[in-house]
Amino acid sequence: MNASKLIVAAAAMSMSAVTLAAGAHGGGHGASSGEPGKASEASRTITVEMYDNYYEPEEINVEPGETVRFVVKNEGSLVHEFNIGTPSMHEGHQKEMMMMVEHGVIQGGKLNQHMMNMDMGNGHSMKHDDPNSVLLEPGKSKEVVWKFTEKGDIEFACNVPGHYQAGMYGDVNFE
Ligand SMILES: [Cu+2]
């Protein structure tokens, strides 16, 4: 939430059309953010609370190679996301989340589950089931198990339109 981050975010937004085509979605491709982890290999559990529009804690510290089990709780009044990725992955995902809002999938404090499962006509749906993220209605809780395979420029972020810009993201610091 410092000034330099905001400048980076603003610069990234101006390039948004390019990454939309590239589809920086999910954790599978993008190498540097890590990979889905196994709960049995998690070294610890971190509880992350989501509010309107910030996280508690605001940042986390991990060791390279560490698997962390996150218990994510939405304590706010709006739909929020917990998504682990690089800044450019978040930027790409923000386009998809914008589409989810435009199609009425995300409605303030509610998710339209029926629409999330609908085929959009091109073999794609607006399901939100990537292993690096959860999208939660108020009062809901879910787990994400993630392995931080190597050091990288990684943030956890909410890509619901406007939330990242409001400061709803935090750094993953490597020890
Ligand atoms: Cu949010």
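This is a short tour of the structure above, one selection at a time.

**Before you click**

The model is predicted: local features are reported at pLDDT of at least 70, side-chain atom pairs count only at pLDDT 80 or more, and totals for chains, interfaces and linings use all residues. Residues are numbered from 1 along each chain as its sequence is written.

Start by colouring by pLDDT, the predictor's confidence in each residue, from 0 to 100. The mean for the protein is 85, and 82% of its residues reach 70 or more. Now select residues 6-31, where pLDDT stays under 50. Two residues are in contact if their C-beta atoms, placed from the backbone, lie within 7 Å. For residues 6-31 the model has 40 contacts beyond four places in sequence.

**The whole protein**

Switch to a cartoon view. You will find 4 helices and 12 strands; these are DSSP runs numbered from the N terminus, with helices (H or I) of at least four residues and strands (E) of at least two. Of contacts between residues at least 6 apart in sequence, 78% join residues at least 24 apart.

**Stop 1: the sheet with E5 inside it**

Strands count as paired if DSSP finds at least two bridges between them. Select E1, E10, E5, E2 and E3, in that order: they make an open sheet of 5 strands with mixed pairing. E1 and E3 (54-56) are the edges, and each has a single partner strand, so one side of each has no neighbour in the sheet.

Follow the pairs across:

- E1 (residues 35-36) runs antiparallel to E10, with 2 bridges, and Glu35 stands opposite Lys147 in E10.
- E5 and E10 are also antiparallel, joined by 7 bridges. Here Thr67 stands opposite Lys147, while Val72 has Lys142 as its bridge partner.
- E2 (residues 44-51) pairs with E5 in the parallel sense over 7 bridges; look for Ile46 and its partner Phe70.

**Stop 2: two cis bonds**

Asn53 sits in the loop between E2 and E3. Then move to Pro57, in the loop between E3 and E4. A cis peptide bond joins Glu56 to Pro57, with omega about 5 degrees.

**Stop 3: the other sheet and its helix**

Select E4, E12, E11, E6 and E9. This is an open sheet of 5 strands in that order, again with mixed pairing. Its edge strands are E4 (60-62) and E9, each pairing on one side only. From one strand to the next, the twist averages 20 degrees; axes are lines fitted to C-alpha atoms, for helices over the stretch in contact, and angles run from 0 to 180 degrees between N-to-C directions.

Within this sheet, 3 bridges join the antiparallel strands E6 and E11, and Ile84 has Phe156 in E11 as its bridge partner.

Zoom in on H3 (residues 87-102). Its 16 residues reach 23 Å from first C-alpha to last, close to the 22 Å expected at 1.5 Å a residue; the expected span is 1.5 Å times one less than the number of residues. Just after H3, Gly104 has a positive phi of about 80 degrees.

**Stop 4: what is buried**

A residue is buried if 20 or more other C-beta atoms lie within 10 Å of its own, exposed if 12 or fewer, and partly exposed in between, with C-beta atoms placed from the backbone. Of the 175 residues, 30% count as buried. In H3, the buried residues include Met89, His93, Met97 and Met100.

A nonpolar core is a set of buried Ala, Val, Leu, Ile, Met, Phe, Trp, Tyr and Cys residues joined through C-beta atoms within 7 Å. Which members of the largest core touch the most others? Select Val72, Phe82, Phe156 and Cys158, out of 29 residues. Among the elements giving two or more residues to this core are E5 (67-74), E6 (80-85), H3 and E10 (141-147).

Finish on Val72. Beyond its neighbours within four places in sequence, its contacts include Val48, Met50, Phe82, Val134 and Leu136.
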